[in-house]
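Hello,

I am passing this structure on to you, with some notes on what turned up in it. Please have a look at it first, then read on below.

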Amino acid sequence: MAVAGFYRRILPSPPAIDFASSKGKQLFVEAVQHGTMEGFYRLVSNFQTQSEPAYCGLASLSMVLNALAIDPGRKWKGPWRWFDESMLDCCEPLEKVKARGISLGKLVCLANCAGAKVQAFQTNEITIDDFRKYVRRCSTSDDCHIISSYHRAAFKQVLCQCTIMIKEICLIITTGTGHFSPIGGYHVGQDMALILDVARFKYPPHWVPIELLWKAMEHVDEATGQHRGFMLISRPHREPGLLYTLSCKHEDWVNIAKYLMDDVPLLLKSKDLKDTQDVLTVILASLPLNYSDFIKWVAEVRRTEDSGQSLSSEEKARLALKEEVLKQVQETDLFKQVGEFLSREDSCCKMLTPSHENNLPEIAASVCCQGAEILNGNTGVSAGYCCRETCVRCLGANGDKPVTVVCGMVVSGNNEQEFDMLVPSSSHVRSGCCFSGMKNEIGSHPAASDVLTTLLLALPAKTWIGIKEEKVLRELQKLVCTETLPTLLQDEVLHLRKQLRLLQKYHEDKVDLDLSALPSS
């Protein structure tokens with residue numbers, strides 16, 4: 001039997017105009033002369049084709065992140081740090097995206113995780129005139145780019161007919177309708193936008209009328225029940241998310257986010273709280289025990305063979321920033337209160353502290369396996385990685401501060417590779433029941449006390465206003481006030497707070513889609 005397949009598609013024109021056609025070239029030249037193609041050059045220098053039929057969102061985002069020269073902070077292949085679709089998995093597992101596509105909300109989450117500054121708009125929130133202004137703004141500069149989420153039907157780009165004779169029956173196959181692609185430029189006179197379609201196996205770049213693109217974005221995404229729209233992406237003033245990040249990979253992330261954003265304020269309002277320790281008891285006693293799957297500290301992983309026995313200047317700089325954030329967390333008064341709570345005999349210390357948190361080799365074994373998946377391009381694929389052995393060593397020469405490195409031998413089938421995990425550490429001395437055996441340790445790595453402190457700092461200011469006792473309220477507000485934090489820690493906390501707000505806004509996107517439906521592309 002013949003296998004169905006397509007070699008590209010004829011671009012329906014009108015309404016679209018092929019970029020490479022004589023009319024398309026004329027529009028390009030006129031737009032260049034008008035100064036509304038400034039964003040085009042960096043985008044086209046990083047233009048890529050989506051590697052999977054449902055990866056249009058991931059391809060668009062990695063293309064824009066690379067165009068903005070945002071450093072992913074981790075290696076792609078060999079010694080190179082570069083954004084690739086396979087690295088965009090902090091908000092949704094890749095196997096899910098591959099099967100079902102991704103929503104606008106989850107793509108916004110990914111862009112934030114990647115360190116970009118993001119503004120997202122749905123068509124029911126703004127007007128077409130607002131959209132036109134944003135398109136013009138990003139077309140006259142190269143420091144911001146727009147990714148549009150639209151429905152192909154508006155451009156007559158839906159049906160693919162392929163004749164497959166099965167008992168004289170002709171099958172008509174419909175390919176993906178929902179799509180993401182960056183906007184590469186704008187023609188003022190014709191009021192047309194240039195879509196750099198990442199499904200290049202299907203359609204070439206093409207010009208479309210702004211009004212028609214707006215109608216395409218007005219379609220409701222059937223998976224989420226929300227309007228489509230667009231993202232405005234730019235570089236942040238400072239790279240956020242240096243040491244801590246939120247993860248949506250775990251199935252219970254919705255419950256944890258709901259507890260923090262919705263339940264905690266109600267709990268604080270319903271209790272008579274006498275001091276800060278009472279407040280911590282109320283919040284932490286009911287905190288889901290798998291919270292450590294939701295907020296994580298970030299470790300850098302590298303292939304040992306790529307770097308040998310030393311750290312590059314860039315690795316040293318990134319590690320130094322992480323260590324400074326850790327130091328600043330541990331210098332807050334809130335950290336002292338959390339440490340006191342975890343040291344109490346009657347607290348839920350043991351439950352809140354993951355059993356492996358003080359076992360650095362055990363942490364490294366898991367991290368090195370994840371690093372092997374990413375660096376070998378097997379993210380989302382069951383490659384059977386396991387860490388056979390680990391060893392902790394200390395690097396330091398020429399008067400440099402010693403650096404803790406955990407080496408792990410990662411095995412997959414008959415292949416084995418050695419990976420390093422670079423561990424941020426501080427000179428803070430831990431004490432208390434949770435940290436037995438570490439009382440005199442110098443150079444301790446991030447742990448439950450640091451993570452819980454940061455998580456509490458990231459809660460919205462309105463979380464605490466329900467506390468009845470005025471003295472306790474003032475004390476808490478002073479402890480969690482971000483305005484008095486050092487700049488580096490302040491940026492870290494505000495980044496996490498923004499992630500929390502985004503997760504709260506888009507948690508309804510996490511729905512089960514019809515697996516029988518074709519993915520968007």
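A residue is called buried under 20% relative accessible area, exposed over 50%, and partly exposed in between (1.4 Å probe, protein chains only). By that scale Glu-331 is partly exposed, at 47% relative accessibility, and so is Lys-327, at 37%. These two form a salt bridge, with their closest N and O atoms 3.0 Å apart; the term stands for a side-chain nitrogen of Lys or Arg within 4 Å of a carboxyl oxygen of Asp or Glu. The whole structure has 11 salt bridges. Another joins Lys-258 to Asp-263 at 3.2 Å, and a network links Asp-129, Arg-132 and Asp-191.

This is a predicted model, where local features need pLDDT of at least 70 and side-chain atom pairs count only at 80 or more, while totals for chains, interfaces and linings use all residues. Residues are numbered from 1 along each chain as its sequence is written, and side-chain values use heavy atoms, without hydrogens or water.

On confidence, pLDDT (the predictor's confidence in each residue, from 0 to 100) averages 80 over the protein chain. Over residues 161–174 pLDDT stays under 50, as it does over residues 429–443.

Best wishes

Definitions and conventions. Contact = heavy atoms within 4.5 Å.
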